[in-house]
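Please open the model in your viewer and keep the selection panel at hand.

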Number of protein chains: 2
Amino acid sequence: MDFKLITTDPSGARAGVITTDHGAIETPIFMPVGTVGSVKAVTQEQLRSDINAQIILGNTYHLYLRPGMDVLRKAGGLHRFNGWERPILTDSGGYQVFSLAANRKIKEEGVVFQSHIDGSRHLFTPENVMDIQRNIGADIIMAFDECPPYPSEYAYAKKSMELTHRWLDRCIRRLAETDPVYGHAQTLFPIVQGSTYKDLRRASAEAIASRNCAGNAIGGLSVGEPENEMYEMCGIVTEILPAEKPRYLMGVGTPWNILNNIELGIDMFDCVMPTRNGRNGMLFTWDGVVNIKNKKWADDFSPIDAQTPCFASQNYTRAYLRHLFVAGEFLALTLASIHNLAFYLDLVKTARKEILAGTYGEWKRRMVPQLQTRL
Amino acid sequence: MDFKLITTDPSGARAGVITTDHGAIETPIFMPVGTVGSVKAVTQEQLRSDINAQIILGNTYHLYLRPGMDVLRKAGGLHRFNGWERPILTDSGGYQVFSLAANRKIKEEGVVFQSHIDGSRHLFTPENVMDIQRNIGADIIMAFDECPPYPSEYAYAKKSMELTHRWLDRCIRRLAETDPVYGHAQTLFPIVQGSTYKDLRRASAEAIASRNCAGNAIGGLSVGEPENEMYEMCGIVTEILPAEKPRYLMGVGTPWNILNNIELGIDMFDCVMPTRNGRNGMLFTWDGVVNIKNKKWADDFSPIDAQTPCFASQNYTRAYLRHLFVAGEFLALTLASIHNLAFYLDLVKTARKEILAGTYGEWKRRMVPQLQTRL
């Protein structure tokens, strides 16, 4: 993997290009979440041509449980399995083990947990999570970390962070001892933790930076803390993480969260919000947020969003999409998901243009209140 | 509407072209069912380009309840509302009133029923069902009929058939008194009834033929009767219905039902089977029927169906589709629906080629057992 930082705007926002063996990614970028090997309710063709996704996510925890390593290995990896030939990033399973699995027990060795599907017992260690991600075959893979809840006591947050750092060294070692399974390169991103404690975030950012990996991530944010704390932590960390490496803020967020964090020097984002909220009828547009189930859209025959360059957004009306939601039609989920993802991709693409023009800060200050408007 | 019968194969199978103000339909044709204004889990672009649907159905009963006439009228009709610019056919609501609505009461005037959604009371008459279909704006509209259940007593079937004939005359009168709402022509198809009684089917076919409408339909079949009875009734009716008009067998059926009925002189079909069964993991292919949830497909990395000319069928594997079903992913519903519909459209397209070549009978005898194979 290669990262070329093209420019840093006066505001601090960055534009760059990540190159992987499965193609290039223009940053800042938003990565749709394809939990179990599919971005929910969206086909891979729609991701390519309607949404213009450059990279998607897979979740190690989910893929490990279903379809399982045997099938993914036989398929030739996730790219071949789901037919997505552009870059893929997998998380490490850390977050899901803590948010989904039952009866988890954290030890120095790793985490013992029960599957949320059938209650079966499993062990995730830094080593086997690297092996699993080798078998999935993503271009960018994540270190195994503990993601402490919000709020966390200082003592727990510190202990957890230190465990995450020790696990990181085991991940790095394991990767050094093993080769990619499918020929293409796989790049590890370590994860900064430290909850909402400034000194821990600083310490973690320094520890992570010292490992000199090709890219770095910030985890443990957008887990319930106030937005201001998220921005404060992110700002502290991006001051320390090396400028010449891409920075990935995990699990964030709303359109305005993304624009504010881009200004803090973040290059990569992922979030289930455009798809999950879309499936509940919440649409993000350039003019603000739409609850499409609202009666007011029943006879609004204007496009879902004329400004988002996407066939679905421009060629289906708000009245039609509302009708599909009210009638409980599957197509509602698909159209809302496509629109929201296309909007998110257009948001970061437009942000990139403003960065390249050196006008990001002013543009962002104008956009944030507009994006937050309730229509 | 115009129908040109191009050829009748030695077997009795027919190839033709129906021309409507929204374009041409090559017969024999299968029409995907878009109940509430969307073919479930499929976008209009997928219908056009992946599935090659030439005409889709809308259900008057469903569209009348949701989104309702006010919205459809303001939208400019169903074509503008759902963005489907090719031909549309609407049923008359008769079948749904009898299969879905609660507390229905049949009178000479029409049917009083309660909505299955909110229990509200409504009255369908031949006259207002014509008005409703005017407002929906389909190219082909259906007469309001009573669809008796299977089995029905002879006396009931006869009484019901006679009511359907009287209602037909009221439909014809109402249409003569009213104009299309959106400028394009709307063509009425009356419906032959008569349950599984040969003399009633003959009498009904003669009564329907005598009205000299531009196309004719056969209803009340595929409602639980043995397949042989369906074919027998269909054969009796098609001997009487005029050859120069298209014949539509409503609600049928499996791929082999379609091939057998084409041989009996049927030109048009619709059925929820490819979408509904698809959503349950039942796939129709040129080699037979696949239960894609079956464990045996878990590591079968061959295409869903290499023979069906459809991107989804050829570019996603059986293993991947099975995984999506097992994991409960929405994409499973979409891919299975697209594949099954593309297969049904390919089936009738291939049938048409065989008819034009004069080889339909032999081809059909070879195909039917193959299509019925359980893979």
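Which residues of the largest nonpolar core touch the most other members? Select Tyr248(A), Leu259(A), Ile262(A), Tyr248(B) and Leu259(B), which hold that place among the 230 residues of this core, a nonpolar core being a set of buried Ala, Val, Leu, Ile, Met, Phe, Trp, Tyr and Cys residues joined through side-chain atoms within 4.5 Å, where buried stands for under 20% relative accessible area with a 1.4 Å probe, protein chains only.

Before going further, note that this is a predicted model, in which local features need pLDDT of at least 70 and side-chain atom pairs count only at pLDDT 80 or more, whereas totals for chains, interfaces and linings use all residues. Residues are numbered from 1 along each chain as its sequence is written, chains are lettered from A and ligands numbered from 1 in the order in which they are written, and side-chain values use heavy atoms, with hydrogens and water left out.

Stay with Leu259(B) and display its surroundings: apart from neighbours within four places in sequence, Leu259(B) is in contact (heavy atoms within 4.5 Å) with residues including Leu347(B), Tyr360(B), Trp363(B) and Met367(B).

Next, colour chain A by domain, using 29–271 for domain 1 and 279–372 for domain 2, bounds that come from an automatic or database domain assignment. The centres of these two domains of chain A, taken over C-alpha atoms, are 27 Å apart, and about 2100 Å² is buried between them, 75% of it from carbon and sulfur atoms; buried area is the accessible area (1.4 Å probe) that two parts lose on being put together, summed over both. On the domain 1 side, select Pro255(A), Trp256(A) and Leu259(A), which lose the most area to domain 2 and together make up 31% of what that side buries.

Now show the side chains of Lys364(A) and Glu263(A), which form a salt bridge at 2.6 Å, N to O, the rule being a side-chain nitrogen of Lys or Arg within 4 Å of a carboxyl oxygen of Asp or Glu.

Finally, display both chains: 37 residues of chain B are in contact with 37 residues of chain A, and the two chains bury about 3200 Å² between them, 61% of it on carbon and sulfur atoms. Of the 4 salt bridges found across this interface, one to select is Lys40(B) with Glu329(A), whose closest N and O atoms are 2.5 Å apart.

Technical notes. Buried < 20%, exposed > 50% of the residue type's maximum accessible area, 1.4 Å probe, protein only.
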